[in-house]
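Dear colleague,

I am passing on the structure we spoke about, with some notes on its backbone and packing. Please have it open while you read.

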Amino acid sequence: PTRRSSDLGLKECGLNLSRDNKELKPHGTIDFPCAGYSSSYRDSEDDIIPWHWHPELEILYIKSGNLKLKLPEKTFHLTPGDGFIVNSNVLHYAAAEPLCELHSIVFSPLLITGWEGSIFAEKYIGPLVRCPSFDGCSLKCLFPEPKMFENLFTAAFHALAEDLPGYEFTLREALSKLCYALCLWFGPETGEDCPAPSPDAERLRIMLDFIHCHYSEPLKLSQIAEAADIGERECLRCFSRMIQISPIQYLLKYRVNQSASLLLREPGKNITAIAGGCGFDSPGNFSRIFKRYYKCSPKEYRSRNKE
């Protein structure tokens with residue numbers, strides 16, 4: 001979904017993903033790699049933040065409502081005032097429960113370090129983003145008082161949203177404090193002797209990439225597993241452990257989401273052609289599965305969302 005805020009300093013929020021779910025759109029600019037977003041979501045299949053990843057870190061703040069945030073193997077239910085940070089290159093997904101107003105700041109580690117060889121990069125931020133225990137973290141627990149994070153984030157977000165003079169300094173200072181608090185929280189886990197990360201995340205990325213490249217074909221579980229050079233049982237376990245959904249369920253959901261997008265992007269295209277192009281073996285099967293997810297037929301969905 002795409003959301004546009006009326007606030008001066010905020011950006012349009014919309015995902016442009018590569019085939020392996022890496023977000024392609026840069027956040028901010030080369031000289032200031034940081035961007036803020038204000039979005040509202042509802043509990044609907046066409047209004048979720050799908051599984052994706054990006055090299056920047058992302059801070060989420062729940063302005064109102066509730067949000068279900070999922071990382072591989074983990075699910076969090078965030079409520080008003082909650083803050084959460086997702087590490088660089090970590091797959092994540094989110095959906096409203098049932099409504100959510102979300103503020104977020106997405107920033108490159110370079111905003112804090114200045115350059116890759118600086119002491120900030122070598123001593124603090126580099127070890128932090130490479131820490132296998134740090135996929136994501138609630139931010140309230142990092143400070144003695146829960147309101148400390150909230151005040152820090154809202155001051156930074158307000159400065160960015162209102163384009164206040166010197167907002168770059170305000171943002172960098174706030175994000176530096178948050179990152180240092182994370183370094184203290186994870187402490188020795190960021191050292192050289194920390195355990196190696198689980199191979200499941202890389203396997204999952206490979207299998208998701210395979211599904212996204214071949215979803216229009218009649219895929220089998222064995223083909224998805226073979227893409228990551230593992231057996232079918234391990235493939236099922238990997239999906240279950242990491243994103244709590246089976247490979248075939250994910251494939252069906254991805255096909256339906258792609259078809260919903262095509263129904264709106266190509267209003268003149270025949271629904272039967274869209275069904276076949278998204279991997280459904282018959283228009284009837286497509287309509288039945290589509291209705292299961294969107295609570296209406298493909299034709300009704302296109303009609304309701306013409307604008």
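This is a predicted model: local features need pLDDT of at least 70, side-chain atom pairs count only at pLDDT 80 or more; totals for chains, interfaces and linings use all residues.

Residues are numbered from 1 along each chain as its sequence is written, and side-chain values use heavy atoms, with hydrogens and water left out.

Helix H7 spans residues 232-243, where helices (H or I, at least four residues) and strands (E, at least two) are DSSP runs numbered from the N terminus. Glu234, Cys235, Cys238, Phe239, Met242 and Ile243 of H7 are buried (under 20% relative accessible area, with exposed being over 50% and partly exposed in between, using a 1.4 Å probe and protein chains only). These residues lie on the same side of H7, because they cover an arc of only 135° around the axis, taken from the directions from the helix axis to the C-beta atoms.

After H7 comes glutamine 244, with a positive phi near 55°, in the loop between H7 and H8; glutamine 244 is partly exposed, at 36% relative accessibility. Lysine 295, in the loop between helix H10 (283-294) and helix H11 (298-304), also has a positive phi, of about 60°, and is exposed at 65%.

Strands S3 and S4 form a hairpin with two residues between them, and glutamate 73 in the turn has a positive phi of about 75°. Finally, the peptide bond from glutamate 97 to proline 98 is cis, with omega near -10°, and proline 98 lies in strand S6 (residues 92-107).

Methods. The expected span of a helix is 1.5 Å times one less than its number of residues. Two strands pair if DSSP finds at least two bridges between them.
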